[in-house]
Amino acid sequence: TTFMLLEDQGTKRVVDICGLVSKGVVCYLERTMPVIIAFLVCGGWYVFVTAGWGTLICFIAGATLNLISARIGVSMTVQGTGRLAHSMGGWLPDALQIRA
């Protein structure tokens with residue numbers, strides 16, 4: 001992740017487009033999150049009724065970690081895509097180089 005953030009973001013146009021895409025993704029996630037949480041509450045109720053408290057706690061922990069990882073993953077993808085688009089304008093082997 002740190003290496004990706006050090007890469008050149010590209011021209012002003014690429015940065016502007018990535019900013020707009022990022023805002024759109026954040027808006028989409030904020031609007032869909034209540035729907036997802038409603039489904040998780042219904043699923044959590046079903047898990048509690050059929051399996052009890054222990055399984056419900058595991059369900060809540062898993063759902064929370066899943067939502068967090070989805071948010072982080074989408075954010076990293078949007079940031080990386082702009083940098084990849086910029087680097088693809090140059091020499092192909094440099095654009096595809098993976099550094100540890």
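L29 is found in helix 2, where helices are DSSP runs (H or I, at least four residues) numbered from the N terminus, and strands are runs of E with at least two residues. L29 is buried because its relative accessible area is 14%; buried means under 20%, exposed over 50%, and partly exposed in between, with a 1.4 Å probe and protein chains only. The C-alpha atom of L29 is separated by 9.4 Å from that of V74, 45 residues apart along the chain.

V21 also has its place in helix 2. With a relative accessible area of 42%, V21 is partly exposed. Between the C-alpha atoms of V21 and Q79, 58 residues apart along the chain, the separation is 9.4 Å.

## Basis of the model

This is a predicted model, in which local features need pLDDT of at least 70 and side-chain atom pairs count only at pLDDT 80 or more, while totals for chains, interfaces and linings use all residues. Residues are numbered from 1 along each chain as its sequence is written, and side-chain values use heavy atoms, with hydrogens and water left out.

## The chain as a whole

The protein chain has four helices and zero strands. Along the sequence this gives the pattern α-α-α-α. Of its 100 residues, 14% count as buried.

## Helix 3

Helix 3 has 35 residues, which should span 51 Å at 1.5 Å a residue; the expected span is 1.5 Å times one less than the number of residues. The end C-alpha atoms of helix 3 are 50 Å apart, which agrees.

The buried residues of helix 3 are L56, A63, V78, G80, G82 and R83. T55 lies in helix 3 as well, and counts as partly exposed because its relative accessibility is 37%. The C-alpha atoms of T55 and G44 are separated by 9.2 Å, and these residues are eleven apart along the chain.

## Helix 2 against helix 3

The axes of helix 2 and helix 3 come within 10 Å and cross at roughly 170°. That makes the two helices roughly antiparallel. Axes are lines fitted to C-alpha atoms, for helices over the stretch in contact, and angles run from 0 to 180 degrees between N-to-C directions. Angles over 145 degrees count as roughly antiparallel, under 35 as roughly parallel, 65 to 115 as roughly perpendicular, and the rest as oblique.

By class, the contact of helix 2 with helix 3 has 19 nonpolar, five polar and two charged residues. Ala, Val, Leu, Ile, Met, Phe, Trp, Tyr, Cys and Pro count as nonpolar, Asp, Glu, Lys and Arg as charged, and the others, Gly among them, as polar.

## The second largest pocket

The second largest pocket has a volume of about 150 Å³. On a 1 Å grid over the protein atoms alone, a pocket is an open set of points where a 1.4 Å probe fits, with protein on both sides within 12 Å along at least five of seven lines. A volume is the space filled by probe spheres set on the points, which are joined across faces, edges and corners.

Lining residues have an atom within 4 Å of a point; here they are I37, L40, V41, G44, L56, F59, I60, A63, T64 and L67. Helix 2 (12-51) and helix 3 (53-87) are the elements that give two or more residues to this lining. Helix 3 provides the largest share, six residues. The lining divides into eight nonpolar, two polar and no charged residues.
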